[in-house]
Amino acid sequence: MITFDHVTKLYRPGVGLDDVCVKIDKGEFVFLVGPSGAGKSTFVKLLLKDLTPDSGNIQVGDYHVNKLSNRMVPKYRRKIGTVFQDFKLLPKKTAYENVAFAMEVLHKPSRQIRKQVPQILSLVGISDKADKYPHELAGGEQQRVAIARAIVNNPQVLIADEPTGNLDPATAWGIMDLLDQINLRGTTVIMVTHAKEIVNKMDRRIIAIDKGRVIHDSKEYYAGPMGGDEE
Amino acid sequence: MIGSLFYNIKQAFVQIFRNRGMSAASIFSILAMLLILGLVFIIIVNVNLFSEIVKQDYDQVEVFIKDGATQAEIDECIETLKAKPGVTNVTFRSQEDALAIMKERWGESGYLLDSLGENPLPASIMIEVDSLDNASSVASAAGKFEIIEDVQYYKETVDKLTKITHFLQIACMIIMAFLVVVSVVVVSNTIKLTVMARSDEIHIMRYVGANNWFIRGPFMVEGIVIGLIASAIASGAICLIYKKLVETIGDQVFAIVSSPLISVQYMTVNLTIIFVALGCSIGAWGSIVSMRKYLKA
């Protein structure tokens, strides 16, 4: 599904990604951990084609990501759902409109939008907040809207960049349950995180990056540096 | 396609309302520019009209005939002048005609002329020329006839007037060009601010997989709608001002320079067209230009 083949993207020696090989299968749930500046964001940005690698190949599904023309990037991004630490909801749109927007971008017929958006909102558990603007919602609720937006078009891959970073532990676990559910429906989930507790409790594949290199890749308990507040 | 057009227009109105602070700022800066442009435009158009009318009024040479000239002499003179190059029309004006014209010019005071016992005005020949440049040669040819007492034409006056109006026109053009540049800078900066305030929004659209035209669409329509609103207000305001102006000083202007002001209707129609075109294009262009930096892939 996702293949990083000797991918290098260095800003300067030791910063960025250095000769990374990773293979992620369809339907996997993967944690991407490592200290700040280790290369996690570079990994995500390369995956989103926000950056182009210096060398190496990135393949996602049928897409040769590093060879995509600018015109093709929007098309490619529609196959990938993205969730961010700061939610990145459109502030002047309601929860419903934020989710609907992701479908409008794809020129989905409005009948389908009216049918599907409420379904997704109820799946993430915020049907009753559909008409609220982001600033009227709690952090966990905003993140649920963001997740609804990310999955409404049935992406093959969901990238979650520290989705629980701004949330208290109880809310964070709610979000993890939701991501787990989405993964069970067959979506590949890649979650970047600092949250040691979550990573080690979930019992999933853990890829640890440090100084641009993969230093750990297994389901084993990972005790190395993860960055974040715990350190 | 039609669906997405409606989508864009609907979105534009929703977003303008939700970002009303910034929208108002944009509307005001476009409005200010249009108002100043409109005033300059009013000046320029009226000066144009004035100079045209003056030129029309004075594209003729009048030669006065001595008292006692015979009809045959007069006819000969007329025939000769008719053959001159550049002469478009020659008419004879008898003493009685001259008096009637003067009466008309004097208007309500015309009755004063009735008390004249004898008609003191000379008969004359009006020679219309296609351009004032031909007036001098016609004048000198006419002066050679015995029966001609005096030749009158206004080349120097008109030349001076033309020079002044020409200068005014150029000055106004320069001011206008300057204004357009300044206002485009101001407006595009204002729009840049609105776009910057929403750069997050653009980033998000890109992450959701919106292509560049999908992102630009609503911003562009917003720019156009903002331009439309500004130009509607500007047209209304300028036309009211102009109407008031014509009503209060139009007659006086006519009395002084014997040229009417351009009609309110003509001004309204033309200014509205100019305002709408300018407002919309600045709005749309401003949005597209200020978005460019956020849409680089």
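What follows is a conversation about a predicted model.

Biologist: Why is the pair of A:Phe4 and A:Phe43 called stacked?

Modeller: Two values decide it. The ring centres of A:Phe4 and A:Phe43 lie 4.3 Å apart, and the angle between the planes is 10°. A pair needs centres within 6.5 Å, and stacked needs planes under 30 degrees apart. Both conditions hold, so the pair is stacked.

Biologist: What makes this pair a link between separate parts of chain A?

Modeller: A:Phe4 belongs to strand β1 (residues 2-12), while A:Phe43 belongs to helix α1 (residues 40-47). The parts tied together are therefore 39 residues apart in sequence.

Biologist: Are A:Phe4 and A:Phe43 buried or exposed, and how do you know?

Modeller: Buried means under 20% relative accessible area. A:Phe4 has 2%, and A:Phe43 has 1%. Each value is under the cut-off, so A:Phe4 counts as buried, and so does A:Phe43.

Biologist: How many aromatic pairs does the rule give over all chains?

Modeller: Five.

Biologist: How do you know that B:Arg216 is close enough to count as lying over the face of B:Trp213?

Modeller: B:Arg216 is 4.4 Å from the ring centre of B:Trp213. The distance limit is 6 Å. In chain A, A:Lys88 lies over the face of A:Phe84, at 5.4 Å from the ring centre. That value is also within 6 Å.

Biologist: Why is A:Thr188 called buried?

Modeller: Its relative accessible area is 0%, and the cut-off is under 20%, so A:Thr188 is buried. A:Thr188 sits in strand β8 (residues 188-192) of chain A. Leaving aside neighbours within four places in sequence, its contacts include A:Met1, A:Ile24, A:Gln156 and A:Asn183.

Biologist: What makes A:Gly27 and A:Thr188 close enough for a polar contact?

Modeller: The backbone nitrogen of A:Gly27 is 3.0 Å from a polar atom of the A:Thr188 side chain. The distance limit is within 3.5 Å. The 3.0 Å value meets it.

Biologist: Why does B:Ala123 count as buried?

Modeller: B:Ala123 has a relative accessible area of 12%, which is under 20%, so it is buried. B:Ala123 is in the loop between α4 (95-106) and β3 (124-129) of chain B. B:Ile65 is 58 residues away in sequence, yet the C-alpha atoms are 5.6 Å apart. Beyond four places in sequence, B:Ala123 touches several residues, among them B:Ile65, B:Phe92 and B:Arg93.

Biologist: What makes helix α7 of chain B mostly covered?

Modeller: Eight of its ten residues are buried. Among them are B:Ile202, B:Met205 and B:Tyr207. B:Gly209 follows the helix, with a positive phi near 100°.

Biologist: How is the size of an interface given?

Modeller: It is often given as the accessible area lost when the parts come together. Chain B and chain A bury about 1900 Å² between them, with 60% of it on carbon and sulfur atoms. Which elements of chain B give two or more residues to the side touching chain A? They are α1 (2-18) and α7. Helix α7(B) gives the most, with six residues.

Biologist: How many residues are in contact, and how many salt bridges are found between the two chains?

Modeller: The contacts involve 16 residues of chain B and 21 residues of chain A.

Key
Residues are numbered from 1 along each chain as its sequence is written. Chains are lettered from A and ligands numbered from 1 in the order in which they are written. This is a predicted model: local features need pLDDT of at least 70, side-chain atom pairs count only at pLDDT 80 or more; totals for chains, interfaces and linings use all residues. Side-chain values use heavy atoms; hydrogens and water are left out. Rings of Phe, Tyr and Trp (its six-membered ring) pair if their centres lie within 6.5 Å; planes under 30 degrees apart count as stacked, over 60 as edge-to-face and the rest as tilted. Helices (H or I, at least four residues) and strands (E, at least two) are DSSP runs, numbered from the N terminus. Buried means under 20% relative accessible area, exposed over 50%, partly exposed in between (1.4 Å probe, protein chains only). A charge sits over a ring if NZ of Lys or CZ of Arg is within 6 Å of the ring centre and within 35 degrees of the ring normal. A polar contact is a pair of N or O atoms within 3.5 Å; within protein, one must be able to donate a hydrogen and the other to accept it, and residues adjacent in sequence count only if both atoms are side-chain atoms. Contact means heavy atoms within 4.5 Å. Buried area is the accessible area (1.4 Å probe) that two parts lose on being put together, summed over both.
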